[in-house]
Amino acid sequence: MIGRRDVLLGAAGATVGAMALGGCALFETNASYRFRMTVHALTPAGLRSASTVLQVNAMKGVKLLPEEHPGGVGIAGEAVVLDFPQGPVFALLTIGDAKQLLPTQVTKALDPAVNTADAASFVAAVKRLGGRSANAKAELTRDDWPMMVRFGDLKDPASVEQVDPDAIGVKRILLETTRDQVTKGIEKRMPPWFMQLVKRKASLSGSTSLTISTNDLADKLSPGSFSTEIWR
C-alpha cells in the first residue's frame, strides 16, 4: 500500500494518488487516457477560466496471494492555475483528506457505468476513454472538486492556505477527453523555492520527514501536489 506521505510528496516519475497495487509485472494490464480539466469562476471582474491536460493511468494485475490487491490508479500532469488579482489559485491533483481519488472520480464522471470497485471494469473504462474514437465530456460534481489553495505570500511556501472554491466564485469544473499532450511547465511561474523543494524532496514546510507530524497544510503538501512532471 502506498503511504499517504508518499502520495503527497511523490517520487521521480511518480503519479499522484494511487490505489494499492499487487501481482507480478508479467501479469499486469495497463491503460491510460488524457483529459482536459477546465475550471470556470465567476468573479466581480467577469468570468475567469483555466485548464490543464492530465492523464489517468490504471493497472490491473493477477492476485497471486490473498493479501495482494488487484489494481491501481494514478494521475499525471499539473494543477490548474487560476489567476486572480490577489495571486494565483491552484486546483491540485488531489481531492483532499478523507476523499476519493481524483482519477477515480474523473473516470466515473466520464464513464458513469464504470464499477470503480472492480479493477477489470475500471481498466476497461480507462481503455475505452483512451481510444481514438473517445469523445467523452462531463461536469465534475461539487463533492469531487480538487483541493484549491493559494499562498498568502508567494515567496513563502509555508504560507499556503486552502481556498473555499465558492468564496472565489468557482461555478463549474468541466472534463473532456483529449489526445493533447499532458501540461508541463508550472515551475516556470513559481518562485525559486519550488524547484529547491523538489530537489530536497521536501514538503512546503521544508520538512523532509517521511511522516507527517502536524496538521499544517504546508506539512501535508509538496511540489508533487502541484505537478508530477517536475521530475521528468
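Guide: Accessible areas come from the Shrake-Rupley method with a 1.4 Å probe, and for residues only the protein chains shown count as cover. By this method the accessible surface of the protein comes to about 11400 Å², and 51% of that surface belongs to carbon and sulfur atoms. The model is a predicted one, in which local features need pLDDT of at least 70, side-chain atom pairs count only at pLDDT 80 or more, and totals for chains, interfaces and linings use all residues. Residues are numbered from 1 along each chain as its sequence is written, and side-chain values use heavy atoms, with hydrogens and water left out.

The protein has five helices and nine strands; helices (H or I, at least four residues) and strands (E, at least two) are DSSP runs, numbered from the N terminus.

Now to the sheet. Strands of a sheet pair through backbone hydrogen bonds, either parallel or antiparallel. Two strands are said to pair if DSSP finds at least two bridges between them. The open sheet consists of four strands in the order β4-β5-β7-β8, and the pairing is antiparallel. Because β4 (80-82) and β8 (160-162) stand at the edges with a single partner strand each, one side of each is left without a neighbour in the sheet. Neighbouring strands of this sheet are turned by 30 degrees against each other on average, direction ignored; axes here are lines fitted to C-alpha atoms, for helices over the stretch in contact, and angles run from 0 to 180 degrees between N-to-C directions.

Val80 stands opposite Ala91 in β5.
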